[in-house]
Amino acid sequence: NPESLKKGAPVQGLGWYLMQRSMDEVIFQNLGPEGKEIQLIKYLYAEAAEEETEAAAPAEKEEPVKKSVPFKVRKSKPSDTIEIAKCAYDAYGYSYKEYVYYPERLGKMMEEGGIISYVAVAKNGKQEIMAHAAIIVDDPAEKIGEMGMAFTKQAYQGLGCGKKIGLYLVKEILQHRFRGWYAYATTSHLFSQKTAFKNGARDCCILLGDAPASRKNQNFSAAPERGTRIYYFFNTQLSAFLGLSFRKKKIYAPPQHIEIIQKIYAHLKEKVAFQSEADDSTDLPDTPALIDTYTKPSRQSAKIRVKEYGAGAVQKIERLVKKLCVDKFEVISLYLNLHDPLTAKLTAEFESLCFFFIGIMPGAKSGDQLVLQYLNNILINYEGIQLYSEFTKELLDYIRERDPVRESVQDA
């Protein structure tokens, strides 16, 4: 219904159904005076490295190499993509990000600068790729990258391959003058959390149920419920370390969460200026709210980002959430700009819709984000979440106390 799109109402009907079922990703963007944009993303068929990875898979789990294996670290080349796919398969089976198993797609990402990729190569006759990691760059203009795609073949785990590759990636981040980098770490084990922490990044958001239930690592038992990930951030700007007053960011924290947000920024070692809510500056404008929606049907998850507050913002979010729930999206994340005074005022209204606080995400071009989450009839197994740092444990306790789904089950 084009008219409902013009009015900003949730999309309904056969078109919406077909988009969700036939596309890999659907993104709605509100461009303000320039109109609205719908991006439909479908990954075209390409030959996966299936035959090679199946042949490379051991019949039984290999024992880790007992002695040190000499290796060198170098930048990846498009010709490495099949071996990288084998490495990913050895560590994760076919449950890692889909494009890793498609050499042509991965090679194109390298050539276009979408990833900055490094490998650890054994110094032997085979020149076997032992491990891999990369910086994923979604938007070069934002000058921020995701540290990820890290996997090591089972036989070579524990030899320091990932740590050494990480040093090369940090060097790339500094050379490209990135404002910072971030990483996601699973909570099914502690290895990736330790790696992010030892590289200087700090945890600031816990994304409950963010990973589909099908995702598993071959080295660890699979859990039947959705997986949880931790968001880590590292600010590479010198002002973040010096705490220069003229560079401090103004933060409008909701009063009900100001204490934990202060602790998070202290944990990140960032100096910010917390602002008190001013009545004159927190009236909703009469103009329509600008809201972007990003859905990923394969993960049954959705992201909603409020670009600009406006008339009926809370009601629009409420209608959108109802539609996403009907379409069986299990996890919905809401991103609110912490530099906008209206975030401090409206967070409580969003929480009345059963959203709840899960942390903050610094570093975005549009500003630091307060993150709220909505769980559509799923329970989080908090006891099964493994955490490395004491601060993450404190943050999870704070989140758990505010999970409305958990509270409703306890009250039943």
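The following questions and answers cover side-chain packing and charge pairs in a predicted model.

Local features need pLDDT of at least 70 and side-chain atom pairs count only at pLDDT 80 or more, while totals for chains, interfaces and linings use all residues. Residues are numbered from 1 along each chain as its sequence is written, and side-chain values use heavy atoms, with hydrogens and water left out.

Reader: Are the rings of tyrosine 184 and tyrosine 231 stacked, tilted or edge-to-face?
Author: Rings of Phe, Tyr and Trp (its six-membered ring) pair if their centres lie within 6.5 Å; planes under 30 degrees apart are stacked, over 60 edge-to-face and the rest tilted. Here the centres are 5.5 Å apart and the planes stand at 70°, so the pair of tyrosine 184 and tyrosine 231 is edge-to-face.

Reader: Is tyrosine 231 buried or exposed?
Author: Buried means under 20% relative accessible area, exposed over 50%, and partly exposed in between (1.4 Å probe, protein chains only). Tyrosine 231 has a relative accessible area of 4%, so this residue is buried.

Reader: Which residues have the most contacts inside the largest nonpolar core?
Author: A nonpolar core is a set of buried Ala, Val, Leu, Ile, Met, Phe, Trp, Tyr and Cys residues joined through side-chain atoms within 4.5 Å. The largest one has 90 residues. Those with the most contacts inside this core are Leu208, Ile317 and Phe350.

Reader: How far apart in sequence are the parts that arginine 226 and glutamate 330 tie together?
Author: Arginine 226 forms a salt bridge (a side-chain nitrogen of Lys or Arg within 4 Å of a carboxyl oxygen of Asp or Glu) with glutamate 330, the closest N and O atoms being 3.0 Å apart. Arginine 226 lies in the loop between strand E8 (202-211) and E9, and glutamate 330 in the loop between H10 and strand E14 (331-337). Helices (H or I, at least four residues) and strands (E, at least two) are DSSP runs, numbered from the N terminus. The pair therefore ties together parts separated in sequence by 104 residues.

Reader: Which helix holds both glutamate 318 and lysine 322?
Author: Glutamate 318 forms a salt bridge with lysine 322, with closest N and O atoms 4.0 Å apart. The two residues are 4 apart, about one turn of the helix, and both lie in helix H10.
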